[in-house]
Amino acid sequence: MNLRRLARSLALSTLVAGALPGGTALAAVTITNATITGGALVVEGTSTTGSSASLDGKFTAPIASSSRKFKFSQVYFPQTCIVTVTVGTSSDDAVVANCGPQGLVARGTWSASKSYGVDDVVVYNGSAWRAIAASGANKNKIPSSNPTFWELLVSKGDTGPKGSTGLQGPKGETGPKGDTGAAGPKGEAGTAGPKGDTGAAGPKGDTGAAGPQGLKGDTGAAGPQGLKGDTGATGPQGLKGDTGAAGPQGLKGDTGATGPQGLKGDTGATGPRRPGEQ
């Protein structure tokens, strides 16, 4: 079956080549099938030259010597859904069936720790940037300073004018009472205030109770003994006076201090003997 198809294909090529002006031959590489099926990209075709074919410069497949066919089956998604098979200096392009162009892929805010592939879009400093380098090559490349890896997709706009004040909304319902907050720290002492005016005199207080009797004073020291005076002359006997009225008994005085011992008196004259004494 395959031999018959190849023969028909060669015959058709010869016929068309002969019909073209100047006898120009058809391209050496022809893609007969390009589709995504079963989770893989399948590309089939034929080539009149070479021993191997290249798919998008990424994959190679052998060309059968008898049937001149090649077949690729790869887990691969072409960005534009168009593939190119090259054999030597000849090539052929084909649109892949069951393939939708990937387009731009939003990746959020740019991060130096992530790798980005072609058509990944990030936000940096308010502007949108599209990755234009191979996947992983632009890691740690700041979009605004690496034009080889990023192109500006959407520039950050200028700040718009301030809008007019909107209408006041309805009053909201009263919220629940919050918990009592913890006591705040003690404040610093305030400065002293001015001296107040002198108040009016208060009423005279009651007489206080009598205090306890004071302690008895110390007895004074005895003075020195005076000199003995001369004996005076005997005066005449006075008249007997009237007996005076008895006075009130005086208080008992404190016992006086013992005075100093008096001087020894003179020895008296010997008196006459009594009758009967010898």
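Let me begin with a word that I will need several times: a residue is called buried when its relative accessible area is under 20%, exposed when that value is over 50%, and partly exposed in between. Please also keep in mind that what you see is a predicted model.

With that cut-off in hand, look at two charged residues, D119 and R130, which are both buried. D119 has a relative accessibility of 15%, and because this is under 20% it counts as buried. R130 comes out at 18%, so it too falls on the buried side of the cut-off. What joins the side chains of D119 and R130? They meet in a salt bridge, with 2.5 Å from N to O. D119 sits in the loop between β8 and β9, whereas R130 belongs to strand β10, residues 127-131, so this pair ties together parts that are eleven residues apart in sequence.

R130 has a further partner, because E151 also forms a salt bridge with R130, and there the closest N and O atoms are 2.6 Å apart. E151 is in strand β11, residues 150-154, and so this second pair links distant parts of the chain, 21 residues apart. Taken together, D119, R130 and E151 are linked in a network of salt bridges.

How many salt bridges does the structure hold? It holds three, and one of them is formed by R107 and D120, whose closest N and O atoms are 2.7 Å apart. R107 lies in strand β8 and D120 in strand β9, residues 120-124, so this pair ties together parts that are 13 residues apart in sequence. Is D120 buried or exposed? D120 is buried, with a relative accessible area of 8%, while R107 is partly exposed, at 30%.

D56 is found in the loop between β3 and β4, and at 25% relative accessibility it counts as partly exposed.

Now please turn to another part of the chain, where β6 and strand β7, residues 90-95, pair in the antiparallel sense over six bridges. The bridge partner of T86 is S91 in β7. The hairpin of β6 and β7 has two residues between the strands, and in it G88 takes a positive phi near 65°.

What about the nonpolar residues? In soluble globular proteins, nonpolar side chains tend to be buried together. The largest nonpolar core here has 19 residues, and V43, F72, V83 and V85 are the ones that touch the most other members. The elements that give two or more residues to this core are β1, β2, β3, β5 and β6. If we leave aside the neighbours within four places in sequence, V85 is in contact with residues including V29, I31, V43, L55, F70 and F72. There is also a second, separate core of eight residues, and V122, A131, F149 and W150 are among them.

Finally, some nonpolar residues lie on the surface: L104, L153 and V154 form a patch there, with about 260 Å² of accessible area together. L104 is found in the loop between β7 and β8, and at 49% relative accessibility it counts as partly exposed.

Terms used
Residues are numbered from 1 along each chain as its sequence is written. This is a predicted model: local features need pLDDT of at least 70, side-chain atom pairs count only at pLDDT 80 or more; totals for chains, interfaces and linings use all residues. Side-chain values use heavy atoms; hydrogens and water are left out. A nonpolar core is a set of buried Ala, Val, Leu, Ile, Met, Phe, Trp, Tyr and Cys residues joined through side-chain atoms within 4.5 Å. Buried means under 20% relative accessible area, exposed over 50%, partly exposed in between (1.4 Å probe, protein chains only). Helices (H or I, at least four residues) and strands (E, at least two) are DSSP runs, numbered from the N terminus. Contact means heavy atoms within 4.5 Å. Two strands pair if DSSP finds at least two bridges between them. Patches are made of residues with over 30% relative accessible area and no salt bridge: like charges are joined within 9 Å, nonpolar side chains (Val, Leu, Ile, Met, Phe, Trp, Tyr) within 5 Å. Accessible areas come from the Shrake-Rupley method with a 1.4 Å probe; for residues, only the protein chains shown count as cover. A salt bridge is a side-chain nitrogen of Lys or Arg within 4 Å of a carboxyl oxygen of Asp or Glu.
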